Amino acid sequence: MPDLTAPTSPKNGRVGAWWGPAVGLSGLGFYAATTIPESAGREIYFNVAHPWAVYVFLAALIGLLVYGLVHHIRLWGIGRPTPGMLSEIPHRFRNAMRLGLAQEKVRRDRYAGIMHWCIFSSIVVLTFVTAQVAIEGDTPIKFLHGTYYLIFSFYGDLFGLIGLIGVGMALNRRYFQDFHRIRWDERLEDHVIIVGLGLVLLSGFLVEAARILVSELVQHPDWAPWSFVSFVIAKGLAGFAMEEASVLTLHAWTWWFHIASAFGWLALIVFTRLDHLFFAPVNAFFLRTDSPGRLAKIEDIEQQEVFGVGYVQDFTWKQLFELDACVRCGRCTEVCPANISGQPLSPMHLIQDLKSHLATVGPDIQTHVHQFGDAGREVSPVAMVGDVIKDETLWACRTCGACMQECPVMIEHVPTIVDMRRFLVMNEARIPATAQSALENLESRGHPWRGTALERTTWMEGLGEVPIFDGSQEYLYWVGCSGSLVERNLPITKAVFRLLGESGASFGVLGQEETCNGDPARRLGNEYLYQILAQQLVETFKSKNVQRVITNCPHCFNTFKNEYPQFDGNFEVLHHTEFLSGALKTGKLKATHAVSADVTYHDSCYLGRLNGQYDAPRQIIEMVPGANLLEMQRNFSKGLCCGAGGGNMWQEEIGERRVNHVRSEEAVRTGASQVISNCPFCIQMFEDGVPAVHPEEEGRMRPFDIAELLEESVFGKR
Amino acid sequence: MHIVVCAKQIPDPETPPSAFRIDAASNKVVPAQGIAPVLSQFDGIAAEAALRIKEANAGSKVTVISLGADSAASAIKQVLAMGADEGVLLNDPAFEDGDSYTTAKTLAAAIKKLGDVDAVFCGRQAADWDMGQVGLLIAEEMGWPVSIIAKGVTTGGAGLQIQRVVEDGYETVETPLPAVVTVSNEFGEPRYPKLPQIMAAAKKTVTQWKTADLGLDAGEVGAAGARLKLEKLSTPPRGGAVELMPGDSPEEQAAALVAKLRADKII
Ligand code: SF4
Ligand code: SF4
C-alpha cells in the first residue's frame with residue numbers, strides 16, 4: 001500500500017543519518033565523565049528571588065493549553081463522524097512515530113529536514129533538562145550531581161547549540177534566501193516564532209554563562225567546560241572585567257527574561273501554527289490506512305439530504321481537525337500542477353481559507369446545530385463553496401495527490417476537494433460545460449468520449465480472432481473507453497493485445513459489453529452516477545466469473561483495485577506494465593529487437609504516486625535493448641501530473657498555462673526522442689503538448705505508451 | 001402558467017457510422033446494439049426554456065409529453081429530473097410509424113385533454129428525421145399562434161416575448177397566449193439535473209394514455225392515419241478520395257484548387 005511517503009528516487013530515498021554526530025559526541029562525553037567526583041553539581045535557583053513564580057507561569061500555560069484544546073475540540077465536533085479512525089491501531093501508531101516524531105515527510109526537503117530536526121530535538125531535550133532542574137530544586141529527589149550532572153550540562157549545551165543552528169538555518173531561509181514557498185502566506189507570527197525561539201535559547205546561554213562566571217569558574221574550573229557553550233561565553237564575559245554584583249544583576253535579569261520568554265513562546269502554541277507540535281503527530285495517527293487512490297463512498301446515497309460537502313459542518317471531524325494542523329509551509333502549493341501552471345488553485349490557500357471559514361462560522365454553527373440540528377446549515381451568510389472556495393478552484397484539481405504526498409503534517413487535500421465537487425455537481429448542478437457533456441455522455445452512452453466515431457470493437461480490426469472473455473480464461477483484458485474509442489490509443493490497445501498473446505497468457509476481452517467503470521464520474525464529483533456504473537460493472541464481472549483483470553489504463557486499474565472492493569468487487573488487478581514486466585522476467589516475452597533511442601519516462605499519477613508502482617515500467621525500459629532512459633527532473637513520487645487527471649481531460653483549462661505544456665517542456669528538456677508513459681490520458685496530453693512547446697516538426701519528441709515500445713522490441717518495427 | 005413540453009426519444013445521433021444499420025426489407029433503422037436511445041437534443045433545450053419561465057413566474061407548472069414506446073419513459077424522466085412537474089407518455093402500438101401530422105394530432109389531443117395549457121414548447125425539430133413540422137402542426141390543430149426557432153423566450157407584453165433566429169440575426173416578436181413555440185439550439189444548453197431532483201423524478205409516476213384515452217380513432221393515428229409515405233431508406237455512401245493539386249508553388253496550387261472548386265460548383 002503506497003502511503004505517500006515513497007522516495008523521490010531510489011538514490012536519495014533517505015536523508016542521511018543526521019543523528020550520528022550527536023551520538024558520537026555524547027559517547028565522548030560519557031567516556032570523559034567517568035572520571036568526575038560525586039560532589040560535582042550546582043545550586044538550583046542560584047541568585048533567584050521568588051522562584052515559585054515559575055509555577056504561576058506554568059499554571060497559566062497549562063490553563064491556556066487546555067482552553068485552546070477545548071475550544072478546538074468543540075469546533076471539530078461540529079463535523080460528521082469519521083468512520084474507521086480507531087481501526088488498525090498498531091499501524092496508526094507506527095505512522096504517528098514515523099511521520100510525526102521521526103518527521104519522514106519533513107525530510108523530503110533536506111534543508112528543512114535538518115533545520116526542523118535541530119529545532120525539534122532541541123526543544124524536546126531542553127524541556128527535559130528544565131524539568132530535571134525543577135525536580136532537583138523543588139522535590140526531595142536529588143540526582144543532579146557527579147557524573148550525571150556533568151553529562152546533563154553537556155547535553156543541555158549541545159542541544160541548545162543545535163537549536164540555535166536550527167534557528168540560524170530558519171532565519172537564513174526566511175530572510176537571506178530567495179525562498180518563496182514559505183512567504184506565500186507569511187504572517188507576523190512566523191517572525192515572532194523564530195526570533196522568539198532564538199531569544200529563548202540565547203538568553204538561556206547567557207544565564208548559564210553569568211552563573212558560571214561567578215561560581216564554577218571560581219570554584220571548580222574543571223567542571224565548567226562541560227557546559228561548553230556557556231563556558232566560552234563566560235570566558236568572553238570575563239574579558240569585560242565586570243564587578244561580581246553587576247554579573248549577578250545581569251544573571252537575575254536574564255534569568256527572568258529567559259523564563260518569561262520561554263513560557264511566552266510555549267503559549268504561542270495556542271495562538272499560532274506552533275500548534276502543529278501536537279496536531280502533526282495526531283494527524284499522522286489519523287492518516288488514512290487504505291490507498292490514497294481511493295475516494296470515500298457515500299453510503300446510502302439515496303437517503304442523503306445534502307450531497308457532498310457544501311457546508312463546513314458536513315465535513316468529517318477529521319477533515320476539520322486537519323485544517324488546524326496546516327503550518328502554511330507551501331509545500332503542497334509548490335508541487336501542485338495547477339498552481340505551477342498559474343491556474344486558480346493553491347492547496348495551501350484552500351486549506352487556510354477553509355480553516356478561517358471554520359473559525360468564523362464554526363462557533364455559531366456549534367450553537368445552532370445543538371439547538372436546531374441541521375437547520376444550523378443556514379447560519380453562514382457566505383457560501384463555503386462558491387464564495388470562500390471558488391468553483392474554478394475546485395475544478396482545477398487533478399486529484400494527482402502531489403499535495404498529499406508532500407504535506408509534512410499529512411493533510412489529505414484530495415478527499416476534501418472532491419467532497420466539495422460532489423456538492424457542486426450533485427447538489428447544485430454547477431459544472432463546466434465540457435465536463436457536463438462528458439457526464440451526460442457517461443449517463444446516456446456509457447463512455448465519456450462524446451462524438452467518437454469508433455466502436456468498442458474497432459481496435460480488433462486486423463488482429464484476427466480476438467477471444468471474448470467467457471470465464472474460462474485466466475485474465476480479463478480490460479481495454480477501457482480510452483483504449484477503444486480514442487483513435488490515438490488504438491495502437492496501444494493492439495500492442496497490449498499482441499504482447500499478451502505472445503506471452504501465452506490465457507485471456508479474453510469484453511468487447512461490446514464493456515462500459516465505463518465510472519472513474520471520470522467519481523473524479524468529477526458525480527458519486528451517484530459512479531455508483532450506478534460501478535455496481536453494474538461489478539455485477540457483470542461477477543456474472544462472467546472474472547477473477548483477474550489486466551488494464552490498459554492506470555485510472556481503470558486504480559478503480560478496480562482500490563475502489564471496487566467498496567462494492568464488494570474483489571478482483572486481482574494488474575496494470576499492463578506489471579504483467580508485461582513479469583512476463584519479461586520469466587522469459588515468456590523476449591525483447592530481442594533493439595529500439596535505439598533516448599527515452600524519458602513519465603510517471604502517471606494513478607500508477608505512480610497513488611499506487612506506488614515506479615519500478616515495473618522502468619524495468620521494461622531497461623530490458624528493451626538500445627533504449628536509454630533519461631529521467632526528468634521531477635520523477636517518481638515527485639513526478640508532475642500531465643494535467644488530465646481528476647476529470648480535467650474533459651475540461652477547458654483556465655489560467656496562464658496548460659499543465660501539459662509545462663510537463664511536455666520538462667520532457668523535451670531531457671533531450672530524449674520519445675516520452676514513454678503508461679496511461680492513455682498522459683499520451684493524449686503529450687500528443688497535444690509536445691508540438692505546442694516544440695513547434696518544429698523536425699526532431700520533435702514523440703509520445704508512446706510503454707506497450708508500444710515493448711511491442712517494437714518484441715516483434716520488430718511494424 | 002402551465003407549459004407543455006413535447007419531448008421525443010430518438011436513436012442516438014452519435015451512433016458511430018459503422019454501427020448504424022438499416023433493414024432494407026422493413027425500411028427501418030435497426031437499433032444499434034448496446035447504444036441506448038436518447039432525448040432529442042432540441043427537446044431538452046425546449047424543456048430548459050420552459051423551466052426558466054416556470055422559475056421566473058411563481059405558481060407555474062411544466063408538463064412533459066412524449067409519444068413513444070415504453071423506453072420513452074426515460075426521456076420523460078430526464079425532463080422531470082430537470083425540474084418538470086408531471087409527465088405523460090402517449091404509448092399505444094396504434095401510434096407507431098406515424099408521420100408529423102399524426103404525431104401532432106395525437107399530441108394536440110393530449111394537450112386538449114390536459115385542458116388548462118397556456119403554452120406548448122417543442123424543439124425546433126427532432127434530431128432524427130429533422131422535419132421540423134410537429135410544432136407547427138400542433139398549433140394548427142389547436143388553432144393557436146406559433147413562433148418557430150426561438151433563441152430566447154420570456155414572459156411579457158401580450159403573453160410571451162420571443163427572440164426568433166432569422167438569417168442575419170434575430171427578431172423579437174410578441175405572442176398572446178395560448179401559443180406554441182419551437183426552440184432552437186441558440187437558446188443555450190439544457191441544465192444538468194440536481195441529484196435531489198433526479199431522486200424526486202425517479203419516484204414520480206408517468207401517466208400513460210392510449211388512443212381511447214385521447215378520444216381518437218385507431219384509424220386516424222400512427223401508420224393508419226399517416227399522409228406521408230416512406231419510399232426508401234438508405235445510408236449515404238461513405239468514402240473519401242484525395243486529389244493533390246498540381247503546381248510548383250503554393251500560389252499555383254491555390255489557383256488550381258480554386259479552379260477545381262469552381263468547376264465542381266462548390267464555390
Ligand atoms: S491533487 Fe494535485 S492538482 Fe489537486 S490540489 Fe493536490 S497537487 Fe494540486
Ligand atoms: S497543507 Fe500541508 S503542505 Fe500545504 S501548506 Fe499546509 S502543512 Fe504545508
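Let's start with a helix pair: α25(A) passes α28(A) in a left-handed crossing. Left-handed here means that the near helix is turned anticlockwise from the far one by less than a right angle; clockwise would be right-handed. The two helices are residues 615-623 and residues 706-715 of chain A. Their axes are 10 Å apart, at an angle of about 25°. Axes are lines fitted to C-alpha atoms, for helices over the stretch in contact, with angles from 0 to 180 degrees between N-to-C directions. So α25(A) and α28(A) are roughly parallel. The cut-offs: under 35 degrees is roughly parallel, over 145 roughly antiparallel, 65 to 115 roughly perpendicular, and the rest oblique.

Some ground rules. This is a predicted model, where local features need pLDDT of at least 70 and side-chain atom pairs count only at pLDDT 80 or more, while totals for chains, interfaces and linings use all residues. Residues are numbered from 1 along each chain as its sequence is written, chains are lettered from A and ligands numbered from 1 in the order in which they are written, and side-chain values use heavy atoms, with hydrogens and water left out. Helices (H or I, at least four residues) and strands (E, at least two) are DSSP runs, numbered from the N terminus.

Helix α6 covers residues 188-214, and helix α9 covers residues 244-271. Their axes come within 8 Å and cross at roughly 150°. That is why α6(A) and α9(A) count as roughly antiparallel. The contact of α6(A) with α9(A) has 18 nonpolar, seven polar and three charged residues. For those classes, Ala, Val, Leu, Ile, Met, Phe, Trp, Tyr, Cys and Pro are nonpolar; Asp, Glu, Lys and Arg are charged; the others, Gly among them, are polar. The crossing of α6(A) past α9(A) is left-handed.

Now α17(A), residues 413-428. Its 16 residues should span 22 Å at 1.5 Å a residue, and the end C-alpha atoms are 22 Å apart, so the two agree. The expected span is 1.5 Å times one less than the number of residues. Is α17(A) enclosed or open? Of its 16 residues, 14 are buried, so α17(A) is largely enclosed by the rest of the structure. Buried means under 20% relative accessible area, exposed over 50%, partly exposed in between (1.4 Å probe, protein chains only). After α17(A) comes A:A429, with a positive phi near 55°.

One more backbone point in chain A. A:H50 is not a glycine, yet its phi is positive, about 50°. A:H50 sits in the loop between α1 (20-33) and α2 (53-76) of chain A. At 51% relative accessibility, A:H50 counts as exposed.

On to chain B. It has seven helices and 13 strands. The C-alpha trace of chain B spans about 70 × 50 × 40 Å along its principal axes. Of its 267 residues, 42% are buried. Chain B is divided into domain 1 (2-225) and domain 2 (242-267). Those bounds come from an automatic or database domain assignment. The two domain centres, over C-alpha atoms, are separated by 46 Å.

Which peptide bond is cis? The one from B:L177 to B:P178, with omega near -5°. B:P178 is in the loop between β11 (169-176) and β12 (179-183) of chain B.

Last, positive phi in chain B. B:D130 has phi near 55°. B:D130 lies in the loop between β8 (119-123) and α4 (134-142). Its relative accessible area is 43%, so B:D130 is partly exposed.
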